[in-house]
Amino acid sequence: MDRSFYQFALKYRGKMDADDFSHFADSMFLDHSFPKSSSDFDQLSKYVEEKAHPVMKASVFDEMWEEYAGE
């Protein structure tokens with residue numbers, strides 16, 4: 001993982017036909033307290049579960065994380 005999860009997820013922003021990943025990425029981008037430099041699953045998962053906007057669902061984060069970790 002050469003880049004943070006945040007940097008990875010930005011590729012899903014701004015889709016014309018929005019899906020769960022793009023909704024998550026757009027909300028993450030607007031969340032100024034999102035841990036942008038982190039690549040730590042536990043830290044990011046805790047943030048999503050406890051502090052993130054409701055659009056950033058934990059189930060979507062888990063799916064995106066699997067893709068991110070597989071890179």
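Which residues does P35 touch, not counting residues up to four places away in sequence? In this predicted model, P35 touches Q43, L44 and Y47 once residues up to four places away in sequence are set aside, and P35 itself lies in the loop between α2 and α3.

**Helix α2 against helix α4**

- Helix α2, which spans residues 20-30, packs with helix α4, which spans residues 58-69, at an angle of about 95°, and the axes of the two helices are 10 Å apart.
- Angles of 65 to 115 degrees count as roughly perpendicular, and α2 and α4 are therefore roughly perpendicular to each other.
- On the α2 side the contact is made by D20, F21 and F24, while α4 contributes V60, F61, E63, M64 and E67.

**Buried residues of helix α2**

- The buried residues of α2 are F21, S22, F24, A25, S27 and M28, and these residues pack against α1, α3 and α4.
- At the start of α2, the backbone nitrogen of F21 is approached by a side-chain oxygen of D19, which reaches to within 3.2 Å of that nitrogen.
- S27, which is placed in helix α2, counts as buried because its relative accessibility is 15%, and the cut-off for a buried residue is under 20% relative accessible area.
- Not counting residues up to four places away in sequence, S27 touches V55 and M56.
- The C-alpha atoms of S27 and A58 are separated by 13 Å, the two residues being 31 residues apart along the chain.

**The two faces of helix α3**

- In helix α3, made up of residues 41-50, the residues L44, S45, Y47 and V48 are buried.
- An α-helix has 3.6 residues a turn, so residues three or four places apart point the same way.
- The exposed residues D42, E49 and E50 are carried on the face of α3 that is turned away from its buried side.
- The cover over the buried residues of α3 includes α1, α2 and α4.

**The loop between α2 and α3**

- P35, in the loop between α2 and α3, has a relative accessible area of 16% and is therefore buried.
- Between the C-alpha atoms of P35 and K11, which are 24 residues apart along the chain, the separation is 17 Å.
- S38 also has its place in the loop between α2 and α3, and with a relative accessible area of 7% this serine is buried.
- The side chains of S38 and Q43 are joined by a polar contact of 2.6 Å.
- Beyond residues up to four places away in sequence, S38 touches S4, F5, Q43 and L44.

**S4, before helix α1**

- S4 lies in the segment before α1, the helix of residues 5-9, and S4 counts as buried because its relative accessibility is 5%.
- The side chain of S4 reaches the backbone oxygen of K36 at a distance of 2.8 Å.
- Leaving aside its neighbours within four places in sequence, S4 is in contact with K36, S37, S38, S39 and Y68.

**D62, in helix α4**

- D62 is found in helix α4, where its relative accessible area of 34% makes this aspartate partly exposed.
- The C-alpha atoms of D62 and K46 are separated by 12 Å, with the two residues 16 residues apart along the chain.

Conventions:
Residues are numbered from 1 along each chain as its sequence is written. This is a predicted model: local features need pLDDT of at least 70, side-chain atom pairs count only at pLDDT 80 or more; totals for chains, interfaces and linings use all residues. Side-chain values use heavy atoms; hydrogens and water are left out. Axes are lines fitted to C-alpha atoms, for helices over the stretch in contact, and angles run from 0 to 180 degrees between N-to-C directions. Helices (H or I, at least four residues) and strands (E, at least two) are DSSP runs, numbered from the N terminus. Angles under 35 degrees count as roughly parallel, over 145 as roughly antiparallel, 65 to 115 as roughly perpendicular and the rest as oblique. Contact means heavy atoms within 4.5 Å. Buried means under 20% relative accessible area, exposed over 50%, partly exposed in between (1.4 Å probe, protein chains only). A polar contact is a pair of N or O atoms within 3.5 Å; within protein, one must be able to donate a hydrogen and the other to accept it, and residues adjacent in sequence count only if both atoms are side-chain atoms.
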